[in-house]
Amino acid sequence: ADLAKETAVLSKQTAQWQKTADNSQEKLKEIGDVQNWAEMIERDLLVIEETLRMVDDKGVGQREDANGCTRPGANGWY
């Protein structure tokens, strides 16, 4: 009787540990998803930053005509 009782207690405790392990695994997956999302946002921001830098470098004091040729502008941006 004691062995059966202790086995039942151990079985219940094992089930609780399994649930805790499963929850922990899910939380780690969510952390990985957030890290991946943050890295994608960082790459997008770097692209935007470089694009703005290129526009700024090209646009200061110049104007692009319909043929894509740049011409000096009196006031910079048009």
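Student: What is the average pLDDT of the protein chain?

Tutor: This is a predicted model, in which local features need pLDDT of at least 70 and side-chain atom pairs count only at pLDDT 80 or more, while totals for chains, interfaces and linings use all residues. Residues are numbered from 1 along each chain as its sequence is written, and side-chain values use heavy atoms, with hydrogens and water left out. Since pLDDT is the predictor's confidence in each residue, from 0 to 100, the share to note is the 76% of residues that score at least 70, and the average for the protein chain is 84.

Student: Which element of the protein chain has the lowest mean pLDDT?

Tutor: The chain has one helix and two strands, arranged along the sequence as α-β-β, where helices (H or I, at least four residues) and strands (E, at least two) are DSSP runs numbered from the N terminus. Where pLDDT is low, predicted coordinates should not be read in detail. Helix α1 has the highest mean, 93, whereas the lowest, 58, belongs to strand β1 (residues 62–64).

Student: What percentage of the residues of the protein chain count as buried?

Tutor: Buried means under 20% relative accessible area, exposed over 50%, and partly exposed in between, with a 1.4 Å probe and protein chains only. The accessible surface, from the Shrake-Rupley method with a 1.4 Å probe, comes to about 7,200 Å², and 58% of it belongs to carbon and sulfur atoms. Of the 78 residues, the share that counts as buried is 4%.

Student: Is L45, a member of the nonpolar surface patch, buried or exposed?

Tutor: The patch of about 610 Å² is made by V34, W37, I41, L45, I48 and L52; patches consist of residues with over 30% relative accessible area and no salt bridge, like charges being joined within 9 Å and nonpolar side chains (Val, Leu, Ile, Met, Phe, Trp, Tyr) within 5 Å. L45 is found in helix α1 (residues 2–59). Because its relative accessible area is 52%, L45 is exposed.

Student: Which residues are joined with R53 into one network?

Tutor: R53, partly exposed at 40% relative accessibility, meets D57 in a salt bridge of 2.5 Å, N to O. R53 and D57 lie four residues apart in helix α1. Through salt bridges that share partners, R53 is joined into one network with E50 and D57.

Definitions and conventions: A salt bridge is a side-chain nitrogen of Lys or Arg within 4 Å of a carboxyl oxygen of Asp or Glu.
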